[in-house]
Amino acid sequence: MNEKTWYRRIPKTDVLLADERIQNMIKKQGKAVVMDAIHMELAEFRRLVKEKKEETLLEQRLEFLNDHIEKRVMEAKRADMCPVINGTGTILHTNLGRAPLSKKHMEHILTIASGYSNLEYNLEQGKRGERYAHFESLLCKLTGAEAAMAVNNNAASVLLILSTLAFKGEVITSRGELVEIGGHFRIPDVMEQGGAVLCEVGTTNKTRLDDFERAINEQTRGILKVHTSNYRIVGFTESVSLEELVSLGEKYGLPVIEDLGSGVFINLEKYGLSHEPTVQESVRAGADVVCFSGDKLLGGPQAGIIVGKKKYIEQMKKNPLTRAIRIDKFTAAALEQVLLEYLSEEQALKNIPVLRMITTPREKLEKKAADLQEMLYSCELAADFKIVSCDSQIGGGALPLERIPSVAVAIFPHFISADQLETRMRALPVPVIPRIADDRVLLDMRTIEEGSFSVIASQFKQLRVLEAQQKTEEKTAGADI
Ligand SMILES: *Cc1c(COP(=O)(O)O)cnc(C)c1O
């Protein structure tokens, strides 16, 4: 058959549209999606004809035209956001969604969010309440602060604090603490957005109390200390402690603000990490306002948590900006759940995934690695699997120098390269993101739940991830794994 004859055999769009199956698809999925699918499928068919593909293949394509159209419709309707398996060993991986929440907490959030709730309703008094009411007293109990609130994220906290306390005034900050968090979040820029003028003092490596004192003038509205969460200045250094800044603030009647970045409630030294300043320490040292992230080391939902003196928190709650950056019901519900766990450190370590991952002992990781290794070997895949030592990271711009000794399963494919394997793993229906180190593909056991092992193994087997030639068609075919 020549090209023209093939083209003539392509059904007209109105004929396709009259088909009962297509009609049903339109009813269920909407006309625009189905039309797109028809156009794409017909264009694909013309391409196959042009490339002079085998007649049997073309014949089949025409015969099963509706199947192909339906497959395209389903693909278009499939959510793009999907779960991935984090084999990188980076616990707070910002690109992979930072802190995972526990299933138990999510069940509660599901009940809250799928119906009505008392988000802003005081059930006792039968009138309007505050969305912070569900966790404010918990935050006060846990940190020792007088008052608390939460906004969209910690970048928003810094913005709100400065715009409330220092609008059109100056804020003094050490040159050693002008952090860039990433994603264009730079402390000096946020200050500008908040309408505050940055008054930098000291040098990159050394700032002294008297640098701050000399900078104070009538325009000064506050002193800001920023925890250098994602870098360290080492060597010939000097910085001013929070306590010293607090006495200076008291002397001149200026609020002292601390951006802690990560924000932890638990002393991580007990678990073999280096000291990360806790929120309680900052409150105890007398900081007037302290802010931190909800989804870094705290292990909760994305949020910016602000705790401190009641008079300042009240001002912030009234700032119109608060309305623009407020948290929604998911976040309020999740925060309350996570904070409730912190009432007992033991429960927190057990029930908050981030803390559980950080504190998983090596023996447990070795056992996990052995289980996964055995499962993978039982699938008879074209690779060797070795258990190796590696280092996990906290990530999310917290404890940047910290490496937590961990255990990984290293995959050595027989026929393909490490890079090829990594690309294929990313393309799986449930993508698996490994760490590549020294040309090896590693699955770090610290960030992979046991429940994911069978998902990894069955995808590897069914989708022939380790074969020399992987069938490309199978990605969509196996989509329901
Ligand atoms: C991470 C971080 C922020 C930003 O917090 P998000 O919750 O990501 O908005 C601000 N300041 C410091 C010091 C941080 O480490």
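Predicted model: local features only at pLDDT ≥ 70, side-chain atom pairs only at ≥ 80, totals over all residues.
View 1. An N or O atom in the side chain of Asn-153 sits 3.5 Å from an oxygen atom of the ligand. The backbone of Asn-154 places an N or O atom 3.0 Å from a ligand oxygen, and a polar side-chain atom of Ser-293 is 2.5 Å from an oxygen atom of the ligand. On its own the ligand has 390 Å² of accessible area (Shrake-Rupley method, 1.4 Å probe), and the protein covers 95% of that.

**View 2. The shell around the ligand.** Here you can find the 13 surrounding residues, with Ala-155, Ser-229, Asp-259, Ser-293 and Lys-296 the closest; a residue is near if one of its heavy atoms lies within 4 Å. Helix H9 (154-165) and strand E11 (256-261) each give at least two shell residues; these elements are DSSP runs, with at least four residues for helices (H or I) and at least two for strands (E).

**View 3. The largest cavity.** Its volume is about 40 Å³, taken as the space filled by probe spheres set on the grid points. A cavity is a set of points on a 1 Å grid where a 1.4 Å probe fits but cannot get out, and lining residues have an atom within 4 Å of a point. Among the lining residues are Ser-174, Glu-177, Phe-212 and Lys-225.

**View 4. The second largest cavity.** This one has a volume of about 30 Å³, and its lining includes Val-264, Phe-265, Tyr-342 and Leu-355.

Residues are numbered from 1 along each chain as its sequence is written. Local features need pLDDT of at least 70, side-chain atom pairs count only at pLDDT 80 or more, totals for chains, interfaces and linings use all residues, and side-chain values use heavy atoms, leaving out hydrogens and water.

Methods. 1 Å grid on protein atoms, 1.4 Å probe; cavity = no way out; pocket = protein on both sides within 12 Å on 5 of 7 lines; lining within 4 Å. Polar contact = N/O pair within 3.5 Å; in protein donor to acceptor, adjacent residues only side chain to side chain.
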